[in-house]
Amino acid sequence: MQDSFHELQMRFSVQTSYTVQSIAAGVAAAQRAADDILEVVIETSGDVKATVDAMHTLMVAQLHATAGSSGDKASYTISNSAKLPARPIFLNGRTEELDMLIRVILGDISARIAIMGTGGIGKTSLAKAILHDQRVVNLVGDHRFFISVEDLIDVDAAASRIAGQLGQGEAKDPQSAVIAILGELRCALLVIDNLESLWFSKNAAARQSTASFLQRLAGLTSVRLIVTCRGSVVPYGVQWSNAQFAELETLGLEAARETFHQIAGRPHLAAEETSLGELLVSVDRMPLAGGDDRQSSVDVSIGVSLDLLKAMKSGNAAGQLLSICSHLPDGLRPSIFTHLARDFAGIDEARDLLVEFALVMVGADGELRMLNPVRHFILDNHPITVPHLALLKKIYFDVALSGPKGMDENFIRLSKNLATEFGNLTALLLHLIDSEPPSQELLDAVQAVSEYSYYTVPSNTLCEAFLAHLANHPAWRADCLKSMGRTCIRRGEYSQAKEKLEAARKLFMELNNKQQLALCGRYTGQYLQLQGLYDAAAEETTAARDAFIELGDKFQVAHCEQQLGSICRARGDYDQAAVQLLAARGAFERLGKRLGAAQCATMLGLVLLNQDNILAAESEFRFSRSEFEALGEQIGAAQCANYLGDVLIQQKDYPSAEKLLLSAQDVFRRLRSPLSLANSHHIMGRMYRDQQRLQEAVRNFTTARSIYETLGKQAWIEKCNKEIEQLGESDALRPEVA
């Protein structure tokens, strides 16, 4: 491979007036100054020395700009649009990605975008192109910020840099300072470039601190967030808007060819095109790819290391262990390593050899980690053996199936292993879905992980992938569609919920599965109620209840009674609501179902609140909140915090109410619960209005209205409009006349 590469270089250099080696030297130097050299344009006549000199001049300027001073002077990353880094001169082959991400930004008030990929692929260039696109300029104006954290290893240092760009001096708590400043902006775009220096810290605590700061940034509804980061798996803890297409692919051949010529600064020559094409293919159509300490070239570093491994005593075992590790993006943890060791002879020696050759790293918690480019190279070129894949399946399927079967008092305890291995388990299941025929054991594992995800970070990733392979398995297909519909309701995606549940009901009807058909009816009643279609919701829920009575399913009957009580409350029939909710609560308690009883207590609290029985309502909310927290039901606990905040507002305890509402909003953002988030902002708007903090009131009503608009909640939109209109007439909001 190496000889072939040098042969291509020689053939190409003979046909041109400059050598590939000279340009490569300039490219390697430039990449030490910036992760993405695609912004370098050399306006020379093609002379080699002039080309390299121009590259060197630009690199020196960039290095001086990024170095800055000891603390007071900002680097080239800026705090206002006049000093933003330059727009990329060319962005060949990225028009589709650019337009797609801008559509996300324009269509989502809380867009969270991760641009992932290997070094030199164009992540930074794409982010800068977004930053300068006129559509984005029209949206956020001067509130566009670009911060590089490439040279930082501490999240507080990164926060201090961001705060500096925002005009904030030295702060005791720079993270909170950044959140406070950005939170005051009506609409902004923040780009954090080269996140990998923070994200791939070997220190687990440092990585968690970075994740926590990202979550706080993602919680700002007025700020669109973009991060660029090496690797292929998006940082955890944030619901990335583009999670399904975050990783940039390499350029197409023509785009790579055009990029090479533009960097070289000379016209196309027909005689060189064949050799140039072969050269670009040999470097994966990355004409500027080069290496640093974290991203070595695939054909040199990995290839040579693997060749050397083969000659070592434990080389074969090491290669097999490397293939196992390549399926575990979060690393091979010690507990799983111990399980593997029972059936993997020589695993300790294999591990030591891989560490010695720097093909894996030992993380802070003892896990074996691989850099993503290395991991993907191994996945593509060194497939795992059938026996080792079977062993990995057995271990991880046991993890999945030992997880919680639903939300009860055992949820937290049973979730421990699954939560730890969630990323690895998801990656392994996605691989198995694409590489093996559908099976009952695979379906069981997918459903177990999806059930856990429903109560933590609701996602349809696994079910959606599995569904594509179930054309000839109607029963399994129906199960996946039902699960996806339920998750869509949890995420506030009602049109998708309707589509999935209607398809599931059709299949269950053909299969004559009355139990699952009734369950789809209950879920349908849920999303209809949430859309304000109370008559239709009551009809669906009543039919489902009658079906469950006939089937003798007391648990689902209780759920339907609870749902009908909730519908009565929404209609304003509080007496009937209380009757049905008390009946449902009693049924759940007799069945030992704490979650259902807590949900009924929450609804009863709302009924009492509607009846102005504040103290009794507060008691119900505090009881149900403690139950939700004990069970690990984060959204339920946060909703109770919302309602308690409303109670405290009526009791004039504004500081306690504000604290509860802010904590609830953090949960709703993290777990993607838009309706609850909108309700929380509406409650907070009323609180600020009562305190005569009118600008903050308007801001919260406006945020609530924006979310209600995305959900089609017309009645609530009108309420927000009325509140904003009334506040607009206040003397306190009128500008002073000079």
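Trainee: Is A158 buried or exposed?
Mentor: Start with the cut-offs: buried means under 20% relative accessible area, exposed over 50%, and partly exposed in between, using a 1.4 Å probe and protein chains only. A158 comes out at 3%, so A158 is buried. One caution: this is a predicted model, so local features need pLDDT of at least 70 and side-chain atom pairs count only at pLDDT 80 or more, while totals for chains, interfaces and linings use all residues. Residues are numbered from 1 along each chain as its sequence is written, and side-chain values use heavy atoms, with hydrogens and water left out.

Trainee: Where is the place of A158?
Mentor: Helices (H or I, at least four residues) and strands (E, at least two) are DSSP runs, numbered from the N terminus. A158 sits in helix α7.

Trainee: And which residues does A158 touch?
Mentor: Contact means heavy atoms within 4.5 Å. Skipping residues up to four places away in sequence, A158 touches V149, L152 and L198.

Trainee: Let me zoom out. How many helices and strands does the protein chain have?
Mentor: There are 35 helices and six strands in the protein chain. Of its 738 residues, 52% are buried. Take the contacts with a separation of 6 or more: 70% of them join residues 24 or more positions apart.

Trainee: What is the order of the strands in the open sheet?
Mentor: Pairing of two strands requires that DSSP finds at least two bridges between them. Here the open sheet of four strands runs β1-β4-β3-β2, with parallel pairing. β1 (112-117) and β2 stand at the edges with a single partner strand each, so one side of each has no neighbour in the sheet. For the angles, axes are lines fitted to C-alpha atoms (for helices, over the stretch in contact), and angles run from 0 to 180 degrees between N-to-C directions. Ignoring direction, neighbouring strands of this sheet are turned by 15° against each other on average.

Trainee: Which helices pack on that sheet?
Mentor: α5 does, touching β1, β2, β3 and β4 (223-230), and its direction makes about 165° with that of β4. Helix α7 (residues 155-165) packs there too, touching β2 and β3, at about 145° to the direction of β2.

Trainee: How many of the residues of β2 are buried?
Mentor: Five of the five residues in strand β2 (residues 144-148) are buried. One side carries R144, F146 and S148, the other F145 and I147, and both faces are covered. β2 runs parallel to strand β3 (residues 188-193), joined by five bridges.

Trainee: Now helix pairs. At what angle do helix α15 and helix α16 pack?
Mentor: Helix α15 (residues 334-341) and helix α16 (residues 347-356) pack at about 135°, with axes 10 Å apart. That makes α15 oblique to α16. As for the cut-offs, angles under 35 degrees count as roughly parallel, over 145 as roughly antiparallel, 65 to 115 as roughly perpendicular, and the rest as oblique.

Trainee: How close do the axes of helix α29 and helix α31 come?
Mentor: The axes of helix α29 (residues 594-610) and helix α31 (residues 634-650) come within 11 Å and cross at roughly 25°. The two helices are therefore roughly parallel to each other. On α29, T602, L606 and L609 meet C640, Y643, D646, V647 and Q650 of α31. By class, that contact has five nonpolar, two polar and one charged residues. Here Ala, Val, Leu, Ile, Met, Phe, Trp, Tyr, Cys and Pro count as nonpolar, Asp, Glu, Lys and Arg as charged, and the others, Gly among them, as polar.
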